[in-house]
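Please look over the model shown below and write a short report on its ligand site and its nonpolar cores.

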Amino acid sequence: MSDQVAAREVAQEQQFVERVYARLEESASAARELAREGHDRARLGHEGGLVERDAMVHHAARRIAELDAAHEGLVFGRLDLRPSGDDVALGEEPRYVGRIGLRDAERDSLLVDWRAPAAAVFYQATAAEPAGVVRRRVLRSAGRRVEGVEDELLDPEVEGAEQLPILGEGALMAQLSRARDRSMHSIVATIQAEQDKAIRAPVKGVVAISGGPGTGKTVVALHRAAYLLYSDRRRYETGGVLVVGPSGVFMRYIERVLPSLGETAVALRSLGEVVDGVRAVRHDEPAVADVKGSSRMAEVLQRLARAAAPGAPEEFGIFWRDDRLRLDRRQLGRIRRQLMNQGRRNRQLSRVAGMLLDALWRQVRSERGRERGREAFDDDMLSDARFVDFASAWWPPLAAEEVLAWLRDPEVLAGVADGVLGEEEQRLLHKAWTRTEGSTRVPVTGEALTVEDVPLLDELRYALGDVPAPKDDADDLLTAEQGGIDLVELTTASDREYAPSGRPWRPATGSIDDDGFAHVLVDEAQDLTPMQWRMVGRRGRTATWTVVGDPAQSSWPAPEEAAAARAAALEKKLVHSFHLSTNYRNSSEIYAHAAAYAGRVGLDADLPRAVRSTGEEPVVLTGVEDLAATTRSVVVDLASRVAGTVGIVVPAARHVDVNGWLASWPELADDAPGARAAAATGRSSADDRVVVLTGLETKGLEFDAIVVVAPEEIEAESSTGRATLYVVLTRATQLLTTVSA
Ligand SMILES: Nc1ncnc2c1ncn2[C@@H]1O[C@H](COP(=O)(O)OP(=O)(O)OP(=O)(O)O)[C@@H](O)[C@H]1O
């Protein structure tokens, strides 16, 4: 096809795109006007004003957000359909597909939202089953400018089809060869038919998406979230959509996808942030993580939540009238068990005084005492500081973080772990929880909490119940429905910034009653520990779910235990399974290398077909004498050969050192400005073109080029090191080199 034809086609599409933008601007200013009018009306203060304003402003604001978000390649698809009647020629009434739907001033459809039923055929039509589509065209744009078109002729039999220009080399290949930056991009223009099925699957129950590396599981799941918000906005926007991923770096990587699809009302949280108000980023070493993740911890924590508070008084005695009243350890133990049997510990605060008073009153034998009566007895006790102090010390309101910290005492730990955790496991936990930095002991709260501690904290939140809100009048502690003295609010979460736009789907309250979502999407699900499944499961009791994963990439050593926890979290919900079979990330050369490794080390890997060949074989350097010098020359070389990102993947123990190397290489100073800070904090920077990451941190990410330093050490780092190394070998789109001593 001549360049002239191509230029003509592009110019025609450009005209259409201009028309859409003009309409978009009209629409946006109408929405702004609506928002302004809404405010004015509310100011008038007439009856119903507020409700009306809320509705109008909400509607208008959403529309504006949607339209603003749509600027990246707003129009991306065109379908030329088999003509519906004799008076229309092929190509005269194309259907355009875009990130949002738009109507013209006559209310006729100008642009079809990619999620609308009318757009489904854009993704589903094939040459074997064209479903009325003669030509499918993808528009390649930079902002508003159309740069080219990629066509497919699906039904050459239709009259006039031979007249339609067919341009380009295929939209998918063009898309797959592009350089990668540090953000995932939406794939609306090139969603493949098998992916589209998972995206538009019926909403009931659980959609489980499996497939090997690079098959688009993550990106498909995110498009599904956008699809759900479109198809049942009321339900999902009010109920909330929770997206859970493995790490903060991963959440940063995927955070732009949904806004670019016009959706911002989604809570994106890494596994360390699932509990409102908590943000953990540090990990425990693998052996400790294995203990903390085991479902046996649930039993340990249930016992802990029922145990006597360390330091709580063990007996109580008081004279009243002619009687000496006494509650000993055994009696108090019985009352404690009775209270526990009635529900969560913090919920019993209002019953504590009554139960203690019952037990004491039963001991009143003297005539003088019996004659005064129960009511006077209660009044006397409740105004006696000795009783009140005892009761509050014996049954204090307990925050989960405080109770978790009890476990630092090896005796308390041994008491609740007896018969559940072995001695070595207890020793590992004790060591992790009594970590010191300098001469200071690190508390088991706030910043020092590890990602693996978060599910333990959540388990305790549920076992204990919410800490009652602080009350001004401390005197009525024991008679109030829910009282408490000097309570520290468990979380103050209102200023959390978990949504990509900085806009939470609703203010977090920290209460267990508000933890639920309408949809829960779990990515890299193969890595959730049983305790993490319990935590995530509590957020989705009444939700629909999307669960995404690849078992061969799992870094959890006890798959059966995790499978049982997953089944429990999903309860008996109906599961629809989808399997993706094409690897869109790796070149076929890189994936062949990774698949051979998986076979060699005996991983039961799901092997997708990689469709793109680059002619560049992976390079394996062994017996290297100077690891730093060789790594330097490899990284510099690879960085000069790709336009996009370069990942240097290292064993966790070398993370700080290699960041130090990177910071000292002047030729990469502009590409890795964050390396110095990363060497100081031990955390990987999220934005640089060249970064250092541990094997586990690479989960879900991708780079144009990957340099693996000391792969044998990554393998040896944990019992699932081989699966981790397999993940690492499947991260590069173009170039891969491994360097070992
Ligand atoms: N239909 C598509 N069109 C264009 N690019 C696609 C398509 N499907 C997937 N990709 C690209 O392939 C790459 C891999 O996708 P994604 O990260 O979602 O895969 P994954 O299955 O979650 O991978 P892994 O399990 O290895 O982390 C991404 O760059 C994604 O944009």
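The model is predicted: local features need pLDDT of at least 70, side-chain atom pairs count only at pLDDT 80 or more, and totals for chains, interfaces and linings use all residues. Residues are numbered from 1 along each chain as its sequence is written.

The UniProt annotation "binding site", from an unreviewed entry, covers Gly211, Gly212, Pro213, Gly214, Thr215, Gly216, Lys217 and Thr218. Its positions follow the numbering used here, feature names are shortened, and annotations may be inferred rather than shown by experiment. Gly212 sits in the loop between strand E7 (206-211) and helix H6 (217-231). Gly216 is in the loop between E7 and H6 too. Helices (H or I, at least four residues) and strands (E, at least two) are DSSP runs, numbered from the N terminus.

A residue is buried if 20 or more other C-beta atoms lie within 10 Å of its own, exposed if 12 or fewer, and partly exposed in between; C-beta atoms are placed from the backbone.

| Residue | Other C-beta atoms within 10 Å | Class |
|---|---|---|
| Gly212 | 27 | buried |
| Gly216 | 24 | buried |
| His593 | 20 | buried |

Contact means that two C-beta atoms, placed from the backbone, lie within 7 Å. Leaving aside residues up to four places away in sequence, Gly212 touches Asp550, Asn583, Ala605, Asp606, Leu607 and Pro608. With neighbours within four places left out, Gly216 contacts Gln195, Leu580 and Tyr584.

A residue counts as near if its C-beta atom, placed from the backbone, lies within 6 Å of the molecule. There are 22 residues around the ligand, and Pro213, Gly216, Lys217, Thr218 and Tyr584 come nearest. Helix H4 (171-176), H6 and strand E17 (582-587) each give two or more residues to this shell.

**The cores.** A nonpolar core is a set of buried Ala, Val, Leu, Ile, Met, Phe, Trp, Tyr and Cys residues joined through C-beta atoms within 7 Å. The largest has 166 residues; Ala225, Val241, Leu460, Ile648, Leu662 and Val707 have the most contacts inside it. H6 gives the most to this core, with eight residues. Another core, of 16 residues, lies apart from it and includes Leu327, Leu332, Val352 and Met381.

**One histidine.** His593 lies in helix H22 (residues 588-600). Beyond its neighbours within four places in sequence, His593 contacts Pro618, Leu729 and Leu736. His593 and His655 are 62 residues apart in sequence and 25 Å apart in space, C-alpha to C-alpha.
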